[in-house]
Amino acid sequence: MVSPVYLTGDIRRIEGQARDLIPPLMERAGAVAAELAARLVSDERKDVLVLAGPGNNGGDARIAAALLRERFFRVTLATGPDELPATARWSLIIDGLFGIGLKRDIEGDYARLVDYANRQHCPVLALDIPSGLDSDTGRVRGSAVRATHTLTFIALKPGLLTLDGPDHCGEISVADLGVDTSGASAWVADPALFKGILKARPHNFHKGLAGSLAIFGGAAGMTGAALLAGRAALKLGAGRVYLGLLDHTLHVDPVAPELMIRHADDALGLDLDAMVVGPGLGTSERAETLVGAALASDMACVVDADALNLIAESEDLRKACARRESETLLTPHPAEAARLLGSTTAAVQADRVKAACLLAENLNAHVVLKGAGSICVARDGHWFVNRTGHAGLSSAGTGDVLAGFLGALLAQRYSGETSLVLGVHLHGAAAAGLPHVGLTASELFEPARRIWNSWL
């Protein structure tokens, strides 16, 4: 089932609509928390520490503590560091200090409680969200609990899934508490979203039906980026893939001789279904002209890497991008997004959802803001959080591979939104089982192809 994602304000609205439920939401949350806590506690020891804060999150924790006592668990309820036993071996810690309503940095006694929880060698169950984590942004507010498990209520929040969230939440489970969560405008990226759209190929098929794609880039010393994008597009099924290179000293790719290599100017005149502009492009005057030509075309287009930096520097290119009616996919990492927004990387990372939505609106494009929990925003404003992938993707060339995947999907005539969400999800899924350190971009090709074929 596809999981909705809600910002804090929307969760508060849903809570307000459910105010008259019997039993009330707090009792439901406490009961579900107690049930999960009981499953997490070892059989040998039943000593549970419950950290309870002053708000609703603390109320959930207190109800869970009472229910655990009824089941003969030895429960210690603490609201401050002075209430902790000097020598204790916990089987479980329940974090109920602060939930989604946190508006300030954690400090003082509460910071000491967070530090205490993080130093223990036992499972830590966070209620709704690990204390100290901003529920909308995933930003740590001063300090934050590092949970092994998070039980979030009603629906997922973006702060669980992006920026620092994945490093603090552990295994996430959702308890909807019997509340209706339909009507969302954001979801976790998942192939199930497009189950009726993915197209298996009929027997009566030829390569022309799989589309023609051109990759524009490959300035001197950076041909490898265009090659990676081109090879990725072939692996994901594009019928014809051309490389339009600025440095046209390479005439054949010995690894993938199926790639058709042209000078960039010659490739512009080809009959194409989609294009990718940016991998290894550089920022020369020729490169800027090429980006302008791509944006002026009526073809579906992926704009990546140096093409994004050129758009950031040119008001004319920004206007050309915003005027496009054809599908446009932008793939910035946080620094590139900051340049496009005239902002800073820190500001972009402080609210990744807001930054990605603003880019989509300003440039009339589908946008993926890459990073931990990539944010995918459709041109019409609804958005997705991608949960696949790991730190191994932070290596040279993986972004070029993503651009090639997206271009291949556009060439096969998937919509811009479908191409963006599926391509980003697939790119991360291909890294599963590959090393977190030392992963090379070309290692993504074969697992991505296998996964893609399994979806069709």
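Gly 230 counts as buried, because its relative accessibility is 0% (buried means under 20% relative accessible area, exposed over 50% and partly exposed in between, with a 1.4 Å probe and protein chains only). The model is predicted, so local features need pLDDT of at least 70 and side-chain atom pairs count only at pLDDT 80 or more, while totals for chains, interfaces and linings use all residues. Residues are numbered from 1 along each chain as its sequence is written, and side-chain values use heavy atoms, with hydrogens and water left out.

**Surroundings of Gly 230**
- Gly 230 is found in helix H7, where helices (H or I, at least four residues) and strands (E, at least two) are DSSP runs numbered from the N terminus.
- Leaving aside residues up to four places away in sequence, Gly 230 touches Ile 215, Val 241, Leu 243 and Leu 259, contact meaning heavy atoms within 4.5 Å.
- Helix H7 (residues 223–235) lies across E8 and strand E9 (240–245), and runs at about 170° to E9 (axes are lines fitted to C-alpha atoms, for helices over the stretch in contact, and angles run from 0 to 180 degrees between N-to-C directions).

**The sheet**
- An open sheet of mixed pairing is formed by 10 strands in the order E7-E16-E15-E14-E13-E12-E11-E8-E9-E10, where two strands pair if DSSP finds at least two bridges between them.
- Strand E7 (186–188) and strand E10 (260–263) stand at the edges with a single partner strand each, so one side of each is left without a neighbour in the sheet.
- From one strand to the next, the twist averages 20°.

**Strands E8 and E11**
- Strand E8 (residues 212–217) and strand E11 (residues 274–277) run parallel and are joined by four bridges.
- Ala 214 has Met 275 as its bridge partner in E11.
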